Amino acid sequence: MTSLPFTDLPLPQAMLDNLTAIGYQEMTPIQQQSLPLLLEKRDLIAQAKTGSGKTAAFGIGLLLKLDPTSFTPQALVLCPTRELATQVANELRRLARFQANIKIITLSGGVSIGPQIGSLEHGAHVVVGTPGRIRDHLNKGTLKLGRIKTLVLDEADRMLDMGFRDEIKQIAKETPPSRQTLLFSATYPEGIQALSAEFQRDPATITIETRE
Ligand code: ADP
Ligand code: MG
């Protein structure tokens, strides 16, 4: 597949300028296949190996849907571990530089909950976190998901392996049914289909073959 530049997509100029500034010119294969569908607000199952640029694929999509004037969570990204949540949040912050005042916070387990409650009180547009801690915030009433437009299950295969199915279910129930749900994964085990059937509407499926 020939690689295409981001300028082939109907992206705002500020987004394109920032992609150039952070050194992204050509789309990776998963970005090339998923972004046109993502921008049409389709639900997606997207599978491509680690390191293929999945974060920017869902990140560009969710960032463009934010209303910066509304300081309430509008996108939620669930990740299997604290380290991955931190990486995803950092990548989203780089991608979000096209627009001023986008607040992205992490809510992961293994760190104290007090400062997280503080940052939620200050308001955030995007929440990235691990399923257990996100559920804890929902149970405490410190996180509200009624304005979520995009729900991302990142590394969905690993979250299934780690037994997060019940947490994901409880979290998804708190988000509006009209949300866009994006399921990203490095592998495509059987459980992914069942997970998709539970949370997605008419998803498009994209798999990028790995040639050895
Ligand atoms: P994955 O989630 O598929 O494992 P990441 O989203 O972590 O992959 O991306 C892997 C690396 O590729 C990151 O360092 C990221 O900054 C970089 N990257 C992503 N998209 C592009 C692009 N279009 N051009 C150049 N580098 C990119
Ligand atoms: Mg990733």
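**View 1. Helices α3 and α4 cross in a right-handed sense.** A crossing counts as right-handed if the near helix is turned clockwise from the far one by less than a right angle, and as left-handed if it is turned anticlockwise. This is a predicted model, in which local features need pLDDT of at least 70 and side-chain atom pairs count only at pLDDT 80 or more, while totals for chains, interfaces and linings use all residues. Residues are numbered from 1 along each chain as its sequence is written, and chains are lettered from A and ligands numbered from 1 in the order in which they are written. Helices (H or I, at least four residues) and strands (E, at least two) are DSSP runs, numbered from the N terminus. The axes of α3 and α4 (residues 82–95) come within 10 Å and cross at roughly 55°. Axes are lines fitted to C-alpha atoms, for helices over the stretch in contact, and angles run from 0 to 180 degrees between N-to-C directions. The two helices, α3 and α4, are therefore oblique to each other. Angles under 35 degrees count as roughly parallel, over 145 as roughly antiparallel, 65 to 115 as roughly perpendicular and the rest as oblique. From α3, Thr 55, Ala 56, Gly 59, Ile 60 and Leu 63 make the contact; from α4, Val 88, Glu 91, Leu 92 and Leu 95 do. Contact here means C-beta atoms, placed from the backbone, within 7 Å. The contact residues divide into 6 nonpolar, 2 polar and 1 charged. Ala, Val, Leu, Ile, Met, Phe, Trp, Tyr, Cys and Pro count as nonpolar; Asp, Glu, Lys and Arg count as charged; the others, Gly among them, count as polar.

**View 2. Helix α2 meets helix α3 at roughly 20°.** The axes of α2 and α3 come within 9 Å. The helices α2 and α3 are therefore roughly parallel to each other. Their crossing is right-handed. On the α2 side, the contact uses Ile 30, Gln 31, Ser 34, Leu 35, Leu 38 and Leu 39. On the α3 side, Lys 54, Ala 56, Ala 57, Phe 58, Ile 60 and Gly 61 take part. The residues of this contact are 8 nonpolar, 3 polar and 1 charged.

**View 3. Several residues of α2 (residues 29–39) are buried.** They are Ile 30, Gln 31, Gln 32, Gln 33, Ser 34, Leu 35 and Leu 38. A residue is buried if 20 or more other C-beta atoms lie within 10 Å of its own, exposed if 12 or fewer, and partly exposed in between, with C-beta atoms placed from the backbone. The cover over the buried residues of α2 includes β1 (44–47), α3 (54–64) and β7 (204–207). Just after α2, Lys 41 takes a positive phi of about 70°.

**View 4. An open sheet is formed by 7 strands.** Their order is β3-β4-β2-β5-β6-β1-β7, and the pairing is parallel. Two strands pair if DSSP finds at least two bridges between them. At the edges stand β3 (104–107) and β7, each with a single partner strand, so one side of each lacks a neighbour in the sheet. Neighbouring strands of the sheet are turned by 15° against each other on average, direction ignored.

**View 5. Strand β5 (residues 150–153) is covered on both faces.** Thr 150 and Val 152 lie on one side, Leu 151 and Leu 153 on the other, and all are buried. In a regular strand the side chains alternate between the two faces of the sheet. Strand β2 (residues 75–78) pairs with β5 in the parallel sense over 4 bridges. In that pairing, Leu 78 stands opposite Leu 153. Strand β6 (residues 180–185) is joined to β5 by 4 bridges, also in parallel. Here Leu 182 is the bridge partner of Val 152.

**View 6. Strand β1 has buried residues on both faces.** Leu 44 and Ala 46 point to one side, Ile 45 and Gln 47 to the other. The strands β1 and β6 pair in the parallel sense over 4 bridges. Gln 47 stands opposite Ser 185 in β6. Another 4 bridges join β1 to β7, which run parallel. In β7, Thr 205 is the bridge partner of Ile 45, and Ile 206 stands opposite Ala 46.

**View 7. Gly 110 sits in the loop between β3 and α5 (114–122).** Gly 110 counts as exposed because it has 10 C-beta neighbours inside 10 Å. Its C-alpha atom is separated by 29 Å from that of Ala 46, 64 residues apart along the chain.

Note on methods
Two residues are in contact if their C-beta atoms, placed from the backbone, lie within 7 Å.
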